[in-house]
Amino acid sequence: MMNGKLYPFGDIERTEDCCKCYCRESEMKCCSLSFNTSFYNKKKCKLLFNKERCDYDVVQKDDPSKPCRFLYIRTG
(Lines give C-alpha, C1' and ligand atoms only; values in the text may rest on other atoms or scores of the structure.)
Protein backbone atom coordinates (compact mmCIF):
# COMPACT_ATOMS: atom_id res chain seq x y z
CA MET A 1 0.00 0.00 0.00
CA MET A 2 1.29 3.47 -0.89
CA ASN A 3 -0.50 6.77 -0.22
CA GLY A 4 -3.69 4.92 0.65
CA LYS A 5 -3.79 2.88 -2.58
CA LEU A 6 -3.30 -0.88 -2.70
CA TYR A 7 -0.97 -2.08 -5.46
CA PRO A 8 -0.41 -5.67 -6.64
CA PHE A 9 2.78 -7.63 -5.99
CA GLY A 10 5.46 -7.44 -8.69
CA ASP A 11 6.48 -4.67 -11.07
CA ILE A 12 4.37 -1.53 -11.24
CA GLU A 13 5.25 0.51 -14.32
CA ARG A 14 3.63 3.73 -13.11
CA THR A 15 1.75 4.73 -9.98
CA GLU A 16 -0.67 7.64 -9.70
CA ASP A 17 2.20 9.63 -8.15
CA CYS A 18 4.50 9.03 -11.16
CA CYS A 19 6.71 6.37 -9.59
CA LYS A 20 7.95 3.04 -10.86
CA CYS A 21 7.79 0.41 -8.12
CA TYR A 22 8.54 -3.16 -7.26
CA CYS A 23 6.24 -4.59 -4.64
CA ARG A 24 6.89 -7.65 -2.48
CA GLU A 25 5.00 -8.95 0.50
CA SER A 26 7.61 -7.50 2.88
CA GLU A 27 8.52 -4.24 1.10
CA MET A 28 7.80 -1.80 -1.69
CA LYS A 29 10.64 -0.01 -3.48
CA CYS A 30 9.90 2.94 -5.71
CA CYS A 31 11.71 5.58 -7.72
CA SER A 32 10.35 8.70 -9.34
CA LEU A 33 9.69 8.81 -13.08
CA SER A 34 9.99 12.59 -13.08
CA PHE A 35 12.77 15.06 -12.62
CA ASN A 36 12.84 18.82 -12.32
CA THR A 37 15.43 21.37 -13.17
CA SER A 38 17.02 24.12 -11.16
CA PHE A 39 18.36 25.85 -14.28
CA TYR A 40 15.70 28.46 -14.95
CA ASN A 41 15.03 32.08 -14.00
CA LYS A 42 13.31 31.67 -10.62
CA LYS A 43 12.32 35.34 -10.49
CA LYS A 44 10.33 35.20 -13.74
CA CYS A 45 9.47 31.50 -14.07
CA LYS A 46 8.02 28.60 -12.09
CA LEU A 47 7.69 24.83 -12.38
CA LEU A 48 4.30 23.23 -13.00
CA PHE A 49 4.00 19.45 -12.63
CA ASN A 50 2.30 17.65 -15.53
CA LYS A 51 0.88 14.45 -14.01
CA GLU A 52 -0.04 12.98 -17.42
CA ARG A 53 3.58 13.14 -18.64
CA CYS A 54 5.21 12.80 -15.19
CA ASP A 55 7.43 15.81 -15.78
CA TYR A 56 7.60 19.54 -15.21
CA ASP A 57 6.86 22.48 -17.47
CA VAL A 58 8.82 25.69 -16.88
CA VAL A 59 6.37 28.56 -17.40
CA GLN A 60 6.29 32.30 -16.90
CA LYS A 61 4.95 33.35 -13.48
CA ASP A 62 2.88 36.21 -14.88
CA ASP A 63 1.47 34.10 -17.75
CA PRO A 64 1.63 30.32 -17.15
CA SER A 65 0.39 29.68 -20.70
CA LYS A 66 3.82 30.81 -21.95
CA PRO A 67 6.90 28.63 -21.52
CA CYS A 68 10.21 29.88 -20.14
CA ARG A 69 13.53 29.05 -21.65
CA PHE A 70 15.92 26.83 -19.72
CA LEU A 71 19.38 28.04 -18.83
CA TYR A 72 21.86 25.57 -20.23
CA ILE A 73 25.29 25.25 -18.71
CA ARG A 74 27.96 24.43 -21.23
CA THR A 75 30.88 22.37 -20.03
CA GLY A 76 34.15 21.61 -21.75
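Student: Hi! Where does Thr15 lie?
Tutor: Thr15 sits in the loop between strand 1 (10-12) and strand 2. Strands here are DSSP runs of E with at least two residues, helices are runs of H or I with at least four residues, and both are numbered from the N terminus.

Student: Before we go on, what kind of model is this, and how are residues numbered?
Tutor: This is a predicted model, in which local features need pLDDT of at least 70 and side-chain atom pairs count only at pLDDT 80 or more, while totals for chains, interfaces and linings use all residues. Residues are numbered from 1 along each chain as its sequence is written, and side-chain values use heavy atoms, with hydrogens and water left out.

Student: Great. Back to Thr15: buried or exposed?
Tutor: Thr15 counts as buried because its relative accessibility is 3%. Buried means under 20% relative accessible area, exposed means over 50%, and partly exposed is in between, with a 1.4 Å probe and protein chains only.

Student: And what is Thr15 in contact with?
Tutor: Met2, Tyr7 and Cys21, once its neighbours within four places in sequence are left aside. Contact means heavy atoms within 4.5 Å.

Student: Let's zoom out. How many helices and strands are there?
Tutor: The protein chain has zero helices and five strands. Along the sequence the pattern reads β-β-β-β-β.

Student: What about the radius of gyration?
Tutor: For the protein chain it is 17 Å, whereas a compact globule of 76 residues would have one near 11 Å. The radius is taken over C-alpha atoms, and the globule rule is 2.2 Å times the number of residues to the power 0.38. The C-alpha atoms fill a box of roughly 45 × 35 × 15 Å along the principal axes.

Student: Which domains does the assignment give?
Tutor: Domain 1 (1-33) and domain 2 (36-75), with bounds that come from an automatic or database domain assignment. Their C-alpha centres lie 28 Å apart.

Student: How many residues are in contact between domain 1 and domain 2?
Tutor: Five residues of domain 1 are in contact with four residues of domain 2.

Student: Now Ser34. Where does it lie, and what does it touch?
Tutor: Ser34 is in the loop between strand 3 (28-32) and strand 4 (45-50). Not counting residues up to four places away in sequence, Ser34 touches Cys18, Phe49, Cys54, Asp55 and Tyr56. Ser34 counts as buried because its relative accessibility is 18%.

Student: You mentioned Cys18 and Cys54. What is the phi of each?
Tutor: Cys18 has a positive phi of about 60° although it is not a glycine, and Cys54 likewise has a positive phi of about 60° without being a glycine. For background, most residues other than glycine have a negative phi.

Student: Where are they, and why do they count as buried?
Tutor: Cys18 is in the loop between strand 1 and strand 2, and Cys18 counts as buried because its relative accessibility is 0%. Cys54 is in the loop between strand 4 and strand 5 (55-60), and Cys54 counts as buried because its relative accessibility is 5%.
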